[in-house]
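Let's take a walk through a protein together, one stop at a time. Have the sequence and the 3D view ready.

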Amino acid sequence: MPATDAVIVSAARTPIGRARKGSLIGVDAFQLAEVAVGAAIERSGVPAADIDDIVVAESLQGGGVIARHVAVDLGLTGVPGLADNRHCAAGLSAIQIAASSIMAGMDSVAVAGGTESLSTSPSAMKRLSLGADPVPWMSPSHRETPDAPAFDMTITVGDNCAKEAGLTRRDLDEWAAYTHGRAIESIDNGWFESQIVPVEAPQPDGSTLTFAVDEHPRRGTTVEGLAELKPLHPEIDGFTITAGNSAGLNDAAAAVMLTSSDYATSHGLEPLARIVAWASVGIEPARTGMAPTLAIPKALERAGMAIGDIELWEINEAFCSVPVAAVRALGIDPTIVNTNGSGCSLGHPIAATGARMVVTMVHELRRRGLTRGLVSMCAGGGMGSALVLEIP
């Protein structure tokens, strides 16, 4: 048993921008993290002097420790920082890392989240052989194989998953239309307003935009319209993946304030949610999209729960094949999955996505008066993760 429970006492995120052509192109990952972390601290009511650590996920930002950078910029010079990278699941892992330290009794207060700016991510150069000129390079998540290209997730994650699960192109397009509809509904009803902290974003014309609404969801998305899109690999027979049923390239940050239950009680803080259990798994890289089908049962076993105990789900749409495969393999009710949208509709700011999912899940469980939620996702290189939350 843990020494104490880890509870979430605040949860905030930035709106999600379209990378390279959207509203956040002039705001880098450091600035986005500062907005989200700062909001989580401010909304929590926790004195800055009580923060033991800050954990911020970063995936494609070139190294460094953004968490420490944020701490210094926010005047928290006595707070260390930790960077983690589990690719797409990094933001979820940041929360797991902070929660584990609290549950072990080592820390009492920690901020955790993730940040990503694909608009401003650096380009690396590498000499691929002795004496050769440097060429553009990205660190791969796994060794390249024909069935699992290291830099083409449309094959490695999306289509491989669809083929293994026996999914058709229409299955994926139907889910894409569904998720865009749920995201638009959430925006129009103001359900994201309590979780979003606006960003003052400089624009190319020199003006400043107060950016407050997710801009990736597409209104009027239909199965018929999606069916007109060409597959991204038309040369591959039966290829199911298009731009319409894939996640976007996006910019955003999200963060939560975690404390021990003892600290929350003694300081008069209302826990928004309790971290119940989590699990991360490995799988063959070519089967990356199926990873949630392994991570979810493992997390539920650790929580002492079953599929039917979960009242709300989010399974990230790196590609729409991923949640559809998990829903069918595990017997999950699809009507309670991604009810606010997910990666295909809201967008997938890689290292921020897991934390964004937790922020959204906490707010949506409370809005609906529900108790138990689970968030899960696959991650590059053959990984997956899941986390179970409970509203006190």
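We'll start with a term: a polar contact is a pair of N or O atoms within 3.5 Å, where, within protein, one must be able to donate a hydrogen and the other to accept it, and residues adjacent in sequence count only if both atoms are side-chain atoms. Before using it, note that this is a predicted model, so local features need pLDDT of at least 70 and side-chain atom pairs count only at pLDDT 80 or more, while totals for chains, interfaces and linings use all residues. Residues are numbered from 1 along each chain as its sequence is written, and side-chain values use heavy atoms, with hydrogens and water left out.

Now find Thr 154, whose side chain makes a polar contact with the side chain of Asp 152 at 2.4 Å. Thr 154 belongs to helix α4, which covers residues 153-165. (Helices, H or I with at least four residues, and strands, E with at least two, are DSSP runs numbered from the N terminus.) Is Thr 154 buried or exposed? With 13% relative accessibility, Thr 154 counts as buried. The rule here is that buried means under 20% relative accessible area, exposed means over 50%, and partly exposed is in between, using a 1.4 Å probe and protein chains only.

A salt bridge is a side-chain nitrogen of Lys or Arg within 4 Å of a carboxyl oxygen of Asp or Glu. Lys 163 and Asp 159 are four residues apart in the helix, so about one helical turn separates them.

Glu 174 counts as partly exposed, at 36% relative accessibility. Elsewhere, salt bridges that share partners link Asp 5, Arg 274, Arg 372 and Glu 390 into one network.

How many salt bridges does the structure hold? There are 16. One of them pairs the side chains of Asp 214 and Arg 13, at 2.8 Å from N to O. Asp 214 sits in the loop between β9 (208-211) and α6 (223-227), and Arg 13 in strand β1 (residues 6-13), so this pair ties together parts that are 201 residues apart in sequence. Both Asp 214 and Arg 13 are buried.

Arg 13 also brings us to the aromatic rings. It lies over the face of Phe 192, 4.9 Å from the ring centre. Likewise, Arg 367 has its charged end over the ring of Trp 191, 3.7 Å from the centre. To count as sitting over a ring, NZ of Lys or CZ of Arg must be within 6 Å of the ring centre and within 35 degrees of the ring normal.

What about rings meeting rings? Searching the whole structure turns up one aromatic pair. The ring centres of Trp 175 and Tyr 178 are 5.0 Å apart and their planes are at 55°, so the pair is tilted. By definition, rings of Phe, Tyr and Trp (its six-membered ring) pair if their centres lie within 6.5 Å, with planes under 30 degrees apart counted as stacked, over 60 as edge-to-face and the rest as tilted. Trp 175 and Tyr 178 are three residues apart in helix α5 (residues 169-188), so about one helical turn separates them. Both of these residues are buried.

Our last stops are in loops. His 348 is in the loop between α9 (321-330) and α10 (350-368), and at 6% relative accessibility His 348 counts as buried. Its side chain makes a polar contact of 2.6 Å with the side chain of Thr 353. Gly 380, in the loop between β13 (372-379) and β14 (383-390), is buried too, with a relative accessible area of 10%. The C-alpha atoms of Gly 380 and Ala 150 are separated by 8.5 Å, although these residues are 230 residues apart along the chain.
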